[in-house]
Amino acid sequence: MNGAVEFAKPDRFGEVRERLARRRQELTERERRVRRDLARASEPLAADFADQAIQTQNDEPLQVIGAAARAELAQIDTALARLAAGTYETCAVCGEPIGATRLAVVPYANTCTDCALDMED
């Protein structure tokens with residue numbers, strides 16, 4: 001060093017990382033509870049068929065909740081990887097910037113608003 005004092009650059013995405021980490025933790029716990037409930041860890045299936053039908057009635061909604069949690073976890077992991085790679089604010093489709101407002105609302109968005117709307121069509 002030539003006598004100059006070097007300062008660490010502030011992490012401008014620190015709050016985003018924390019927000020994503022908190023959401024990841026929530027979703028991981030949700031997905032764990034869904035797996036536990038589907039495995040009947042706390043309440044084994046009853047011997048009676050009619051009782052079993054009632055007990056398994058919620059399996060499909062639980063499976064949907066679990067799948068949604070896993071999908072959002074994958075999006076969060078992708079966002080964290082994009083942060084690490086320095087591409088967080090860049091649309092994965094067109095390469096244009098993703099607006100700050102969009103990222104504030106959907107911090108794991110990997111497309112700009114225009115590309116997201118095109119994908120819906």
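**Close-up views of salt bridges and the nonpolar core**

**View A. R35 is partly exposed, at 48% relative accessibility.** The model shown is predicted. R35 pairs with E31 in a salt bridge, in which the closest N and O atoms are 2.7 Å apart. Both residues belong to helix 1 and lie four residues apart, so about one helical turn separates them. E31 itself is buried, with a relative accessible area of 10%.

**View B. A salt bridge joins the side chains of E31 and R70.** The N to O distance is 2.9 Å. This pair links distant parts of the chain, since E31 lies in helix 1 and R70 in helix 3, 39 residues apart. R70 is partly exposed, its relative accessible area being 44%.

**View C. R24 and D77 form a salt bridge.** Their closest N and O atoms are 2.6 Å apart. R24 is in helix 1 and D77 in helix 3, so the pair ties together parts that are 53 residues apart in sequence. Both side chains belong to partly exposed residues: R24 has 30% relative accessibility, and D77 has 33%. The model contains nine salt bridges in total.

**View D. The largest nonpolar core comprises 16 residues.** Within this core, V16, L20, L83 and Y88 touch the most other members. Helix 1 (14-38) and helix 3 (59-85) are the elements that give two or more residues to the core, and helix 3 supplies the largest share, five residues. Leaving aside residues up to four places away in sequence, V16 touches L83 and Y88.

Key:
Residues numbered from 1 in each chain as written. Predicted model: local features only at pLDDT ≥ 70, side-chain atom pairs only at ≥ 80, totals over all residues. Heavy atoms only, no water. Core = buried A, V, L, I, M, F, W, Y, C linked by side-chain atoms within 4.5 Å. Buried < 20%, exposed > 50% of the residue type's maximum accessible area, 1.4 Å probe, protein only. Contact = heavy atoms within 4.5 Å. Salt bridge = Lys/Arg side-chain N within 4 Å of Asp/Glu carboxyl O.
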